[in-house]
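The overall fold and the surface follow.

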Amino acid sequence: MDALLATIPSPDRGVWYLGPLPLRAYALCIIAGIIVAIWWGERRWVDRGGIKGEVTDIAVWAVPFGLVGGRLYHVITDNQKYFGPGKNPLAALEIWNGGLGIWGAIALGAVGAWIGCRRKGIPLPAMADALAPGIVVAQAIGRLGNYFNQELYGGDTTLPWGLEIYRRVTPEGREDALAGVAIDHTPIQVVHPTFLYELLWNLGVALLIVWADRKFRLGHGRVFALYVAGYTAGRFWIELMRTDEATLILGTRVNVFVSALVFFGAIAYFVIAKSRGEREDVAAMRGTTGATAGDTTEAPETTEAEPEDKSVVEESSEDDVAEKDKKNSPESVKPE
């Protein structure tokens, strides 16, 4: 009984209704995370010499690409949930029911960001460095959605921070962990809150990369690489604790292998990019990039033309002086 009193209760539902309009906690957390990432990224971008509003312009491309990429990765790696006997392939489009793979979101989101940066004449590595802390904090906020959905947790535990899992049912009496409501708050299971572990880890990664960026003035995409390395290091061990259904390779969850591969790739980039020198001067790069991107601004014309031969000016000045002296001489003065 004492152990249960020390555990973390789950919300009784993950969806609320305003009339016929469903308000899904998962979607609200994702939206909140995107807002925070754009707001913080904008501040960091301006501090690095960028122009206010450019992060929002890039987000117009990156966010939709990221959502599509995240969903594609989830559907590909968990295809058994949507395809096969008795499955509904159209459910793969129901993004509001959860299911976004961070790997696909970052990969395709980066493609969208690249398109946006290219159109604006902005170097992508510099923009990625500005966005990195906000992205990992957005991931932390998004994990709160898993809390409301009662998903992505680990095995049973007696630790005081164990998460209580409730049985949720629909008004028709059908059991539904996402759309249902918990009537009885007696836990059917007390588990490791692996989503909470990842949330806290992500916040720690955000602090790490902000500190490293300020101390070492990282540039050329190295802040982003450090974020990826830090995130995947945590995701590796957290993924091993999860018990939800997942695609397995050699008996191990696929995301464990992906985490390891991406981690080593990020470390390699972080080391190699050091040879590119100190942090980019965004303002200076903008002048060069803008010219290549079709900037046709011309320098203002001078209002006074300088003579090509200065000796001509000197001779002219000497002649003028001589002429004035001649006019003012006594011989040139005529009596009235």
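## Enclosed space

On a 1 Å grid over the protein atoms alone, a cavity is a set of points where a 1.4 Å probe fits but cannot get out. Grid points are joined across faces, edges and corners, and a volume is the space filled by probe spheres set on the points. This is a predicted model: local features need pLDDT of at least 70, side-chain atom pairs need 80 or more, and totals for chains, interfaces and linings use all residues. Residues are numbered from 1 along each chain as its sequence is written, and side-chain values use heavy atoms, without hydrogens and water.

One cavity reaches 30 Å³ or more. The largest cavity holds about 50 Å³ of space. Its lining residues (an atom within 4 Å of a point) include Arg 24, Tyr 26, Trp 96 and Leu 178.

## Chain overview

The protein chain has ten helices and eight strands. These are DSSP runs: helices are H or I with at least four residues, strands E with at least two. Of its 336 residues, 40% are buried, meaning under 20% relative accessible area with a 1.4 Å probe, protein chains only.

Contacts are heavy atoms within 4.5 Å. Among those with a separation of 6 or more, 74% join residues 24 or more positions apart.

## Surface patch

Trp 201, Phe 236, Trp 237 and Leu 240 form a nonpolar surface patch, with about 370 Å² of accessible area together. Areas come from the Shrake-Rupley method with a 1.4 Å probe. Patch residues have over 30% relative accessible area and no salt bridge, and nonpolar side chains are joined within 5 Å. A salt bridge puts a Lys or Arg side-chain nitrogen within 4 Å of an Asp or Glu carboxyl oxygen.

Helix α7 (residues 222-241) supplies the largest share, three residues. Leu 240 lies in helix α7. Leu 240 counts as exposed because its relative accessibility is 52%, and exposed means over 50%.

Definitions and conventions
Patches are made of residues with over 30% relative accessible area and no salt bridge: like charges are joined within 9 Å, nonpolar side chains (Val, Leu, Ile, Met, Phe, Trp, Tyr) within 5 Å. On a 1 Å grid over the protein atoms alone, a cavity is a set of points where a 1.4 Å probe fits but cannot get out, and a pocket is an open set with protein on both sides within 12 Å along at least five of seven lines; lining residues have an atom within 4 Å of a point.
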